[in-house]
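The sequence and structure come next.

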Amino acid sequence: GPHAIVSVVGYGLTGATGDHPMLMNALQATSIILAEKWNNSFAGPETHIAPETALRLPGAIAGALSAILIYLIAAELFGVEVALIAAALWSFDPMAIGFSRVAKEDTFLLFFFLLANVFWLKGQRVAESTDRNPNRYYWATAACYGAMVASKYVPHLMAISWCYYWMFQQLPETRWRLGKKRLVVFFAIMGVVFLILSPTVLLPETWRQMGLFAGGKRVSHDGYEFMGQLYTQRFGDWLNGIPVSFYFVFTAVKLPLLTVVGFVVGLPFLFRRKLGDGRYFLLFWFLLWVVAFCFPGGKFTRYYTTVLPAVLITCALGIQFVGRWIADRLASFSEMRHYIPALLAVIIIASTVISSIHAAPHFRLFTNSIGGGMNWAGYYFPHDEFYDASMREAITDIARLAQPGARVASESPALASYYAERVQRTDLVCISLSDPVSISQLRPGDFIIIARGRRYFSNDHLITTLRTTTPITDLKLGEVPSAKIYQLDQNSVGLINQK
């Protein structure tokens, strides 16, 4: 999250942040500007809006509104009962809350993907069941897909909708047909909306930055720690990068236990004809998402944002089945059996609420009992679970101790400089922990911040060496260790400069 402050403040909306589309930056910049105006004109000490809060607000709003869209999609495909359960699970799921607060573009990508398919599925129903013209739903879908691609350059998510559409086209009785002319108009509307919301795509610098990002040259680190082991983080490494099991492990250990059970129960029903044609939409959603995100070598847990609604809808299907199965077994208790499905849904939703309460306010640290509980928080995906969450506190502590001009080494030097400026210590020299030239210039009295999740191939030896020394501060998120601060002396300087 804080990295986005550096991006928005440092680069604005230009092509210099071409790998992060303009729409997200524009919304965040607007939120920060409005917060500053509020703080300068109206706010008192108790109503002051912090930059981090303003930065995260647009994503939090999009994440909250996504619950409504999940309800509308699930209701269209499987009915109101499943829709209510799925929307409630999203609203209280610790990972859904955590992803919505991370201030990244995946939340906006999901929001517009869901909104597009609300109109897409509505257009299908109007075309198949009424004599009304469905064009306005097609054009609304196109506009939302333009906004989706403007949110994040991941156009292949549209394939989910198109695969679902094309599977009906060989049926003679199908009335849901766009035809060539409407397809041309569809993509024209999509293109126009995309250019309106992301005009910086026309800048050559944007394309250069996109090329660097696609080639892995904008990735600021050379590894990713997953379950205690380092892997390369380049997309082009494919099966040689982060394991394919990455997101399957995430599903097993980072969702509430009863949600995982509901998903496992509901998944087989997607292959049963009795469930209806809506199951194909979820099947394409899972299949195409797995192909697009599980096999490339570069992965982050926030990419899971765009498949989490499908997981929760499937879980809702499992809850519905189990509730009805239990009710049928209690047929002799005629009065009680009608309440069983609702009671089961309430129990599972309540368990999700409890999970989020226990994880708050550090929702991404949540780990269920399959993963060992909160005692194992930060073990599986430390980069995404912590994401520099303690950097502000680390710089604040260092600012009180550091001599003028002291060096501060970390894996987030730009962010460290930002927080140093916030505490009026612009004299601090913030350097990269992975830059051997800068590290060789460290002297007694300088500082090193070792943040969990920032272990890479480039700094692994240094981190291992520092474990033999004692940090001056151990920072925590709640009860979970998150960062260590070391102040160098003559002995530790000698240790880190050993070849």
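Two strands count as paired if DSSP finds at least two bridges between them. The model here is predicted. In it, strand β6 (residues 473-477) and strand β7 (residues 480-487) run antiparallel and are joined by five bridges. K476 has P481 as its bridge partner in β7. Two residues lie between the strands of this hairpin, and G478 takes a positive phi near 65°.

Strand β7 also pairs with β5 (residues 447-451), again over five bridges and in the antiparallel sense. There, I450 stands opposite K484 of β7.

The whole sheet is open and has five strands, in the order β4-β3-β5-β7-β6, with mixed pairing. Strands β4 (429-432) and β6 are at the edges with a single partner strand each, so one side of each lacks a neighbour in the sheet. From one strand to the next, the twist averages 20°.

In a regular strand, side chains alternate between the two faces of the sheet. Strand β6 has a covered face with T473, L475 and L477. Its uncovered face holds D474 and K476.

Which strands does helix α17 lie across? They are β3 (407-410), β5, β6 and β7. Helix α18 packs on the sheet as well, touching β3 and β4. The table gives the directions.

| Helix | Residues | Reference strand | Angle |
|---|---|---|---|
| α17 | residues 391-401 | β5 | about 165° |
| α18 | residues 413-422 | β4 | about 165° |

Methods: Residues are numbered from 1 along each chain as its sequence is written. This is a predicted model: local features need pLDDT of at least 70, side-chain atom pairs count only at pLDDT 80 or more; totals for chains, interfaces and linings use all residues. Side-chain values use heavy atoms; hydrogens and water are left out. Buried means under 20% relative accessible area, exposed over 50%, partly exposed in between (1.4 Å probe, protein chains only). Helices (H or I, at least four residues) and strands (E, at least two) are DSSP runs, numbered from the N terminus. Axes are lines fitted to C-alpha atoms, for helices over the stretch in contact, and angles run from 0 to 180 degrees between N-to-C directions. Contact means heavy atoms within 4.5 Å.
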